[in-house]
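Take a moment with the sequence and the fold before reading on. The text below walks through them step by step.

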Amino acid sequence: MLSFHFLQKGAGSDREEEIDFRGGNVHVITSKESWDQKILEANKDGKIVVANFSASWCGPCRVIEPLYKELSQKYPSLMFLTIDVDELMEFSSSWDIRATPTFLFLKDGQQLDKLIGANRPELEKMIIVFADSSFQGSKGSN
């Protein structure tokens, strides 16, 4: 049985409630500029991007976060990003994000696929498929 424990440290300090996506191989996107930079980097490296649109108050986002970090370490051929929909509302809306978490799979800035919800087996399956296709189609030799 899973149990959840959320920390709140005093009134007005809601920063402590944020999901910690740092660590692993996950890049936290805090602006449109940082998104553009990572997309350019992924395009240059021939990587498929996995973009996780989440929110600090979202229970399912918290549940799937450890798996997302783990997968980011396991599949370095992909670029893993996370975007807080509350911090980047307009940007999230521009990608038609209507629920959290939503995972977008992008190649050359274009959407290849989308997964809505914290569906662990489906997320893992999609990442494996895209990692395999990314590996086979990658530029250069590692």
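This is a predicted model: local features need pLDDT of at least 70, side-chain atom pairs count only at pLDDT 80 or more; totals for chains, interfaces and linings use all residues.

Residues are numbered from 1 along each chain as its sequence is written, and side-chain values use heavy atoms, with hydrogens and water left out.

Start with the outline. The chain has four helices and five strands. Both are DSSP runs, numbered from the N terminus: helices are H or I with at least four residues, strands are E with at least two. Along the sequence the pattern reads β-α-β-α-β-α-β-β-α.

Now the chain as a whole. Of its 142 residues, 42% are buried. Buried means under 20% relative accessible area, exposed means over 50%, and partly exposed lies in between (1.4 Å probe, protein chains only). The accessible surface comes to about 8300 Å², and carbon and sulfur atoms hold 51% of that. These areas come from the Shrake-Rupley method with a 1.4 Å probe; for residues, only the protein chains shown count as cover. Contact means heavy atoms within 4.5 Å. Among contacts between residues at least 6 apart in sequence, 71% join residues at least 24 apart.

Next, the sheet. What is the order of its strands? The five strands form an open sheet in the order E1-E3-E2-E4-E5, with mixed pairing. Two strands pair if DSSP finds at least two bridges between them. Strand E1 (26-29) and strand E5 (110-116) stand at the edges with a single partner strand each, so one side of each has no neighbour in the sheet. From one strand to the next, the twist averages 25 degrees. In general, strands of a sheet pair through backbone hydrogen bonds, either parallel or antiparallel.

Both kinds of pairing can be followed here strand by strand. E2 (residues 48-54) and E3 (residues 78-84) run parallel, joined by seven bridges. In this pair, Asn52 stands opposite Thr82 in E3. Helix H1 (residues 32-45) packs on the sheet and touches E1, E2, E3 and strand E4 (102-107). The direction of H1 makes about 170 degrees with that of E3. For such angles, axes are lines fitted to C-alpha atoms, for helices over the stretch in contact, and angles run from 0 to 180 degrees between N-to-C directions.

E2 also pairs with E4. These two run antiparallel, with five bridges. Ala51 stands opposite Leu104 in E4. E4 is mostly covered, with five of its six residues buried.

E4 and E5 run antiparallel as well, joined by six bridges. The bridge partner of Thr102 is Ile116 in E5, and that of Lys107 is Gln110.

Turn to the interior. A nonpolar core is a set of buried Ala, Val, Leu, Ile, Met, Phe, Trp, Tyr and Cys residues joined through side-chain atoms within 4.5 Å. How many residues does the largest one have? It has 20, and those with the most contacts inside it are Trp35, Val49, Phe53, Ile83 and Trp95. H1, E2, E3 and E4 each supply at least two residues of this core. Leaving aside residues up to four places away in sequence, Trp35 touches Ile29, Ala51, Phe53, Leu81, Ile83, Phe91, Trp95 and Leu106. A second, separate core has 18 residues, including Ile48, Val50, Tyr75 and Leu78.

Last comes the disulfide. A disulfide is counted here when two cysteine sulfur atoms lie within 2.5 Å. By this rule there is one. Cys58 and Cys61 form it, with their sulfur atoms 2.4 Å apart. Both cysteines are buried. The torsion about their S-S bond is about 80 degrees, so the disulfide is right-handed.

Pro60 is found in helix H2 (residues 59-74). It is partly exposed, at a relative accessible area of 41%. Pro60 touches Pro101 and Ala118, not counting residues up to four places away in sequence. Pro60 and Gly117 are 57 residues apart in sequence, yet 7.5 Å apart in space, C-alpha to C-alpha.
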